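Subject: Structure handover

Hello,

Here is the structure we spoke about, with my notes below it. Please look it over before reading on.

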Amino acid sequence: PHPAGAMSTGIVAAVSVSTSTRAVASSRASTARRTIRASSSPSSRLDRCSATRAVPSRVGSARTSGVGFASISAPRRSTLTRGDDAYSGTDRSGTTASALSAAGASSAFAVGIETFFSFLGSALAALVAGFLALSAWRRNLGLLRPRLTLSQSPRIARLVDSCPALHRPLRPPLLLQTSLAQLIAYLLKRNLVPEARWTRETLTTEDGGEIALEWYECCDEDDVWNGLEGDGSVTASLPSAAPVMCVLHTLTGTAADFVVLAREAARRGFRPVVCLRRGHLDAPLRTPKFNLLGNCDDLDVHLEAIRMKFPGAKLFGYGESAGTGLAVRYSGEKGTRNPFAAVSCVCPGYDTTEGGAFSRFEPLLDRHLLASVKEMFLSANEELIRGFECAYEAPGYDELIAARDMAELQRRLYGVEGYSSLAEYHDRTNPMGTVREIAVPMLVINSDDDPICAPSNVDDNLWAFEGDVDRALVRTPIGTHCCFYEGRTLRPRSSWAHEASLEFFESVLNDG
């Protein structure tokens, strides 16, 4: 090539390189301190020196221009943004590798989590399927059949033979075949049962206390509820001589707890009524007196009012939990003068003295019952109870509210229950104190998985079913405390204990 042309080309290239270098340097100067660090690195200084030395050699020597000119080109100008690696002047190769490594780790972690939850879901599905299969197997093979213990009376054997429910397996819903599941359903039952209509008849005791009779009329699943038939009551059409089923409720019970029982009883021709004790009327106490297990004198007031209203009707006593204590104690005290034609006791606690039923509650449920009893009887009537503390030498309000469990509370309640000492309280209220004098047929139902009225209570009192008395003990493998729910899937539609009790009452009626 021509020397002058080569020199001209070299000059243009050098000028271009110098111009581009100034442009890049100007751009880097605008990036503040981050660019200073990048431009001052050893590799950057070496590149600039090499470029500076190469340009004069190409200009001054024609022999080297042929090779050097072809290999040198002006830097490409590009638009940089603050987020670009070149903009910041920082070498991102290590950061990029770390980011890729972190992304890979995150992806592996996500896959691991997905695999874990997939396995967990499969395990839970298999567990539920196995539980349902086991539940169906238990139902179909009759493993939930009740066990009967009868006294030596020929009559009780005849009565029990007429009760189909006592001879068939229980049929609990597939999802309610454990004690915990049935107990949860029991606590939620007011949300699972129909709404009912009751008529209250308030009664006054000799000392000014207030009790009541809650007469069942109908529920929202009946046609009469909306006036489609009759006058809004399924019991209004019953004859005056229809048998009356007197319900003795639980420790903190109300009529709303017995809607399913009342509806089934009315369907079978019984007139259901709940005998509400003091403190169970959704109103403050009238006198500073209440009874956890009920009071025989107050029950006399209940039954006298019923007999005045329906003088030709037979009376049947149905007790649940604490209500069984009153049913047994009252029936024993009355002996052959018992106004009840028969009694059914579902989940009784038997002996209520020291070391008995109140000392054997499951701890968690003991705390639940304790809180409920304190709220219902003590907190709601604090002023009244404090005002009469001086009237008896017994634990006062502060000592009662400080009780740590149900056994301790029961031990301190003798004063507000109307007794002068704990010994007198036990002597006048313990159901087992009068059980030998009961002269009417009695059906007793207990469950092996009851966390309140423990199976040991039954074992300790089997003597009550010996001899020539009309008594039958029925023990079931499932039912927990006062539940015995039956149905197909989840929602309980009926109670096996209700069916068994009503069949027992019908058997007594038919036996004459």
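A residue counts as exposed here when its relative accessible area is over 50%, and as buried when that area is under 20%. Please keep in mind that this is a predicted model.

By that cut-off, Pro-154 and Asp-161 of helix H7 are exposed. Ile-156, Leu-159 and Val-160 in H7, which spans residues 154–161, are buried. These three lie on the same side of H7, because the arc they cover around the axis is only 95 degrees. Pro-154 and Asp-161 are on the other side. The cover over the buried residues includes strands S1 (147–150), S8 (442–447) and S9 (471–476), as well as helix H19 (496–511).

As for the chain overall, it has 19 helices and eleven strands. Its 512 residues include 47% that count as buried. Among contacts with a separation of 6 or more, 75% are between residues 24 or more positions apart. The accessible surface is about 25,400 Å², and carbon and sulfur atoms make up 56% of that.

Next, the sheet. Nine strands form an open sheet with mixed pairing, in the order S1-S9-S8-S7-S6-S4-S5-S3-S2. S1 and S2 (196–204) are the edge strands, each pairing on one side only. From one strand to the next, the twist averages 20 degrees. H7 packs on this sheet, where it touches S1, S8 and S9, and its direction makes about 155 degrees with that of S1. Helix H11 lies across S2, S3 (210–219), S4, S5 (271–276), S6 and S7 (340–346), and runs at about 45 degrees to S3.

Within the sheet, S4 (residues 244–248) and S6 pair in the parallel sense over five bridges. In that pair, Val-244 stands opposite Leu-315 of S6.

Lys-314 sits in the loop between H11 (296–309) and S6 (315–320). Is Lys-314 buried or partly exposed? Lys-314 is partly exposed, because its relative accessible area is 39%, which falls between the two cut-offs of 20% and 50%. Leaving aside residues up to four places away in sequence, Lys-314 touches Pro-243, Val-244 and Leu-509. Lys-314 and Val-244 are 70 residues apart along the chain, and their C-alpha atoms are separated by 6.2 Å.

Regards

How values were computed
Residues are numbered from 1 along each chain as its sequence is written. This is a predicted model: local features need pLDDT of at least 70, side-chain atom pairs count only at pLDDT 80 or more; totals for chains, interfaces and linings use all residues. Side-chain values use heavy atoms; hydrogens and water are left out. Buried means under 20% relative accessible area, exposed over 50%, partly exposed in between (1.4 Å probe, protein chains only). Helices (H or I, at least four residues) and strands (E, at least two) are DSSP runs, numbered from the N terminus. The arc is that of the directions from the helix axis to the C-beta atoms. Contact means heavy atoms within 4.5 Å. Accessible areas come from the Shrake-Rupley method with a 1.4 Å probe; for residues, only the protein chains shown count as cover. Two strands pair if DSSP finds at least two bridges between them. Axes are lines fitted to C-alpha atoms, for helices over the stretch in contact, and angles run from 0 to 180 degrees between N-to-C directions.
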